[in-house]
Amino acid sequence: MPSLSRQLDPAERRRLDERFSRLIWDQVRPWAYMDTDGLELRRFDGSPISFAPASLDGAPRQTLWHSNYIEPFLEAICREETRDAASRPARERAALRHALAAGILRVYLTMQEVDWHMHGDGVAGHHLKQEIEADVARMVAYLDGCLAGSAARAA
């Protein structure tokens with residue numbers, strides 16, 4: 001039996017992968033350079049996030065993980081990509097869910113890695129990785145709501 005992700009049209013699968021790659025590049029990757037470059041980003045609503053060069057401790061880390069920073073971007077992807085899901089066959093919906101859930105996990109895993117490397121002034125070995133299971137579960141539940149046609153807010 002072929003994997004669920006192969007049930008999507010290859011162009012659609014590639015487009016979804018690129019969408020998550022862009023999100024990581026634009027909204028997660030800059031945190032990895034905060035110690036040398038500082039941080040200048042925009043939240044989903046357009047409001048600025050700005051930090052001078054420093055380690056990813058205190059307010060920057062709080063902003064990354066506990067300020068509803070990445071969730072609005074992920075919610076938008078879920079809403080937009082599931083807009084016509086009800087008209088798709090069940091296998092395609094399952095494949096779409098699988099691809100979107102994998103993208104959500106990829107975003108949080110990347111955030112976790114950036115945090116782990118940057119937290120504590122670059123000495124990552126002395127602390128545990130940020131727990132992401134609850135964040136991923138909340139976003140996948142949001143995705144499931146979108147697929148069922150009842151999107152609300154995840155965070």
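1. The chain's secondary structure amounts to 6 helices and 2 strands, arranged α-α-β-β-α-α-α-α from the N terminus. Helices (H or I, at least four residues) and strands (E, at least two) are DSSP runs numbered from the N terminus.

2. The model is predicted: local features need pLDDT of at least 70, side-chain atom pairs count only at pLDDT 80 or more, and totals for chains, interfaces and linings use all residues. Residues are numbered from 1 along each chain as its sequence is written, and side-chain values use heavy atoms, with hydrogens and water left out.

3. Of the 155 residues in the chain, 45% are buried (under 20% relative accessible area, 1.4 Å probe, protein chains only).

4. Leaving aside neighbours within four places in sequence, Val-107 is in contact with Phe-20, Leu-23, Ile-24, Val-28, Ile-70 and Leu-74; contact means heavy atoms within 4.5 Å.

5. The axes of helix 3 and helix 5 (lines fitted to C-alpha atoms over the stretch in contact, with angles from 0 to 180 degrees between N-to-C directions) come within 11 Å and cross at roughly 170°. Helix 3 is therefore roughly antiparallel to helix 5 (over 145 degrees). Arg-61, Leu-64 and Trp-65 of helix 3 meet Tyr-108, Met-111, Gln-112 and Asp-115 of helix 5 in this contact.

Notes. Buried means under 20% relative accessible area, exposed over 50%, partly exposed in between (1.4 Å probe, protein chains only). Angles under 35 degrees count as roughly parallel, over 145 as roughly antiparallel, 65 to 115 as roughly perpendicular and the rest as oblique.
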